[in-house]
Amino acid sequence: MTRAETTYLLTAAARKAYADEFFDLASVAAAIDQRAEKGHRFCRLIQDQPFDLRETKAAQHLQVWLDDEAYRYIWRPTPTVIDPLHPAPAFDYPELEIQW
């Protein structure tokens, strides 16, 4: 196995582990309930890592659950944060917004 293949596999494994934790159904359901209790009509899952996780199995499993529970959802681009101390990233990645 070449070094590039090893690096790719390590990257894929790290993203999978992050997606599995981030899109945990119990955690997402709890986040939705917390937002709803405060009167909000949406919940945006804000990532700590700038990865496009739409194609991960965890994200797809969550989307199936959201469909079954009759939630609406959309993958939105990350919002632009204007902060002179932290410049905006040079890349964009989608984050999941759940609506009810």
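**Close-up views of a predicted protein chain**

Buried residues account for 26% of the 100 residues in the protein chain. The model is a predicted one.

**View 1. Overall layout of the protein chain.** Three helices and three strands make up the protein chain. Along the sequence, their order is α-α-β-α-β-β. Among contacts with a separation of 6 or more, 66% join residues 24 or more positions apart. The protein chain has an accessible surface of about 7300 Å². Carbon and sulfur atoms contribute 57% of that surface.

**View 2. The largest nonpolar core.** This core holds 17 residues. Phe23, Leu45, Leu62, Leu96 and Ile98 touch the most other members. At least two core residues come from each of helix 1, helix 2 (25-37), helix 3 (57-68) and strand 3 (94-99). Helix 3 gives the largest share, four residues. In soluble globular proteins, nonpolar side chains tend to be buried together.

**View 3. Surroundings of Ile98.** Neighbours within four places in sequence are left aside here.

**View 4. A nonpolar patch on the surface.** Met1, Tyr8 and Leu9 form this patch. Together they have about 420 Å² of accessible area. Met1 lies in the segment before helix 1 (3-22). Met1 counts as exposed because its relative accessibility is 74%, and exposed means over 50%.

Terms used. Residues are numbered from 1 along each chain as its sequence is written. This is a predicted model: local features need pLDDT of at least 70, side-chain atom pairs count only at pLDDT 80 or more; totals for chains, interfaces and linings use all residues. Side-chain values use heavy atoms; hydrogens and water are left out. Patches are made of residues with over 30% relative accessible area and no salt bridge: like charges are joined within 9 Å, nonpolar side chains (Val, Leu, Ile, Met, Phe, Trp, Tyr) within 5 Å. Accessible areas come from the Shrake-Rupley method with a 1.4 Å probe; for residues, only the protein chains shown count as cover. A salt bridge is a side-chain nitrogen of Lys or Arg within 4 Å of a carboxyl oxygen of Asp or Glu. Buried means under 20% relative accessible area, exposed over 50%, partly exposed in between (1.4 Å probe, protein chains only). Contact means heavy atoms within 4.5 Å. A nonpolar core is a set of buried Ala, Val, Leu, Ile, Met, Phe, Trp, Tyr and Cys residues joined through side-chain atoms within 4.5 Å.
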